[in-house]
Structure formats: C-alpha cells, structure tokens
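User: I would like to learn how to read features in a structure model. Could you walk me through a few of them?

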Amino acid sequence: MSTMKTSTLKSLLLLFLLTISLSTRSDAGAIAVYWGQNGGEGSLSDACATGSYAYVNIAFLSAFGNGQTPTLNLAGHCDPASGTCTGISNDIRSCQSSGIKVMLSIGGGQGGYSLSSSDDAQNLADYLWNNFLGGSSSNRPLGDAVLDGIDFDIESGGADHYDELAQDLKNYGQNVYLTAAPQCVYPDASLGTALSTGLFNYVWIQFYNNPGCEYSGGSVDGLVNSWNQWTSGVTATSFFVGVPASTGAAGSGYIPPDALTSQVIPAVNGSPKYGGIMIWDRYADVQTGYSSQVRGSV
C-alpha cells in the first residue's frame, strides 16, 4: 500500500472517530423555555419553529387545591374559561412532531395554590391526567392534544403533598414526564420534599432572584457551589441552568450570553447530569435573542 493511501485512510479514520466523539459528547446540552405569560411573545408554534428549544413549559396552571377549580392563566394568549385556548392543540402537536417535549407548568410566582391533603393531591393528579395528559374529559382547556408531562414551579403555598402529587402522576405511567423549577437555594423550601422522591426527569434550577447562589459580579462560585449541591443531592435524569433572558426578566442573576458560554457552561457541563439551560421566558428571549446567541455553545 502506498504512503499516500495509508495517509488518506488514517485521515478518514481520524475524521470518523472525531464525528463519533462529537455525536456522543456528554456535555451537549439543550434549551428549555417557559411560554404563556405574555401575548407579545408570539404563538407556541412560533416558539417551537425557531429550532432553539427542546422543551417548552406552558405557564401556568396558577390556581388549584383546597377545593377550588383549577385555573389556567395564559395571559394575553387566550381565555380558558370561554374555551378559546383549545386551538393551542394544533401548536402542541406541531411542537411534538419536531421532537419537542411540551409540559404544563403548575404554580408560578402569582396565583393561589396549595395542596391540603393526600386526597387533594390525588384529585389534582386526576384533573391533570384527564384534562391535559392521556385521560379524557369533555372540557380540556387546551383541546385534545396530549401533553408530555407536568412541570412543578411551586413558589408559594407550602411544600406539603407535592411528593404525593408526583407519585400519583407517575402512577399513570412512566411516560408522564415530571420536571421542576426549584430556586437555587438548596434544598428548595417548596420542592425539596417532592424532589427527594427521585421521580423527576428534568430539574431546571432557577439561578436568579437568589443572591448567594447565582452568577454575580463576574463570579461563578456561588452558582457552581449550588449546582454541585443539587446534582449530588437530588436524583433526576438531567439538571439545567435556569437563566433570565434579559435584565428585566428577573430581579437579579442575569448572565450575559458571552459569560454564560465562556464561564458558566464550562464550569458545569462536566457533570454527567448536565442537561443544558432553561430560559425565563419566551417573551424576554424574543426581545433579546438570548437563545440564538448561546444555543451553539450550550
């Protein structure tokens, strides 16, 4: 065999190995986003069509528990009470056809919600299953599309019975995805007990509005310390760095795109549980183009 042929074969072999290496990188991440809290952010299908997101949380089911009728709040997008949100089913299916997982987020920073008992948790699980997941109801707020799972963004109302809610939802089948958005302070006051069940697939940690465990003054130390606590203390499939997409999207903790890609991601993506980033929220992302600036390095 000639030297030229040997050299060519070696080059092809190296290229093949490099391709395999890049396709199986453990530090390759994805982007999750919250959609639904501002009519100016565009439709759900618009968000999915950008190609930026692998996960979308529809926000929020903002009232539930204690005997009240669960209430969906999608800001300026539609009015669930009058049935004008059912058309979102087509958007959900469009997203899912592109491989994007779509969850319903329960809770949020506003609204009245809490769980008062085990029965309360089971009743909510039944409601979520029949109205948003694989069950059936004559009054599904988002129409007949079947969501992939439920996101827990519990920020008030206490921590009781959310572990039972998680188990009740998983009892419907392991194909129901459970995700959660705890504050970066470890353990989270509202979600600590639920996350201790080990039933959650994805955990997008809110590294904002929490001085002490967020990026601050150019330092990643507080964030990395918190990240290490979360990834070693909680059992979940993947963890995500939650970031605001603009300075106005959160009170503190904004990470400039170049700082995220050059400082934060290299400091956390060595973890085998690194999943990517979560962005709050789609509206802020539309204004700043945050995801488009970082997705190649996440």
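Predicted model: local features only at pLDDT ≥ 70, side-chain atom pairs only at ≥ 80, totals over all residues.

User: Let's begin with helices. At what angle do H4 and H5 pack?

Analyst: First, the naming: helices (H or I, at least four residues) and strands (E, at least two) are DSSP runs, numbered from the N terminus. Axes are lines fitted to C-alpha atoms, for helices over the stretch in contact, and angles run from 0 to 180 degrees between N-to-C directions. Here, helix H4 (residues 118–131) and helix H5 (residues 162–170) pack at about 40 degrees, and their axes are 9 Å apart.

User: Which word describes how H4 and H5 lie to each other?

Analyst: Angles under 35 degrees count as roughly parallel, over 145 as roughly antiparallel, 65 to 115 as roughly perpendicular and the rest as oblique. H4 and H5 are therefore oblique. Handedness is read separately: a crossing is right-handed if the near helix is turned clockwise from the far one by less than a right angle, and left-handed if anticlockwise. H4 passes H5 in a right-handed crossing.

User: Which residues make the contact between H4 and H5?

Analyst: Contact means heavy atoms within 4.5 Å. On the H4 side you will find Ser118, Ala121, Gln122, Leu124, Ala125 and Leu128, and on the H5 side Glu164, Leu165, Asp168 and Leu169. To sort them, Ala, Val, Leu, Ile, Met, Phe, Trp, Tyr, Cys and Pro count as nonpolar, Asp, Glu, Lys and Arg as charged, and the others, Gly among them, as polar. In the contact of H4 with H5, six residues are nonpolar, two are polar and two are charged.

User: Which residues of H5 are buried?

Analyst: Buried means under 20% relative accessible area, exposed over 50%, and partly exposed in between (1.4 Å probe, protein chains only). In H5, the buried residues are Tyr162, Leu165, Ala166, Asp168, Leu169 and Lys170. Their cover includes E2, strand E4 (101–108), H4, strand E5 (149–154), strand E6 (177–180) and H6.

User: Which side chain does serine 52 join through a polar contact?

Analyst: A polar contact is a pair of N or O atoms within 3.5 Å; within protein, one must be able to donate a hydrogen and the other to accept it, and residues adjacent in sequence count only if both atoms are side-chain atoms. The side chain of serine 52 joins that of serine 291 in a polar contact of 3.4 Å. Serine 52 lies in the loop between helix H2 (44–49) and strand E2 (55–65), and at 10% relative accessibility it counts as buried.

User: Last topic: the backbone. Where are the cis peptide bonds?

Analyst: Most residues other than glycine have a negative phi, and most peptide bonds are trans. A cis bond joins alanine 59 and phenylalanine 60, with omega about 0 degrees; phenylalanine 60 is in strand E2. The bond from tryptophan 280 to aspartate 281 is also cis, with omega near -10 degrees.

User: What is the phi of histidine 161?

Analyst: Histidine 161 has a positive phi of about 75 degrees, although it is not a glycine. Histidine 161 is in the loop between E5 and H5, and is buried, with a relative accessible area of 19%. Asparagine 209, also not a glycine, has a positive phi of about 60 degrees, but counts as partly exposed at 40% relative accessibility.

Technical notes
Residues numbered from 1 in each chain as written. Heavy atoms only, no water.
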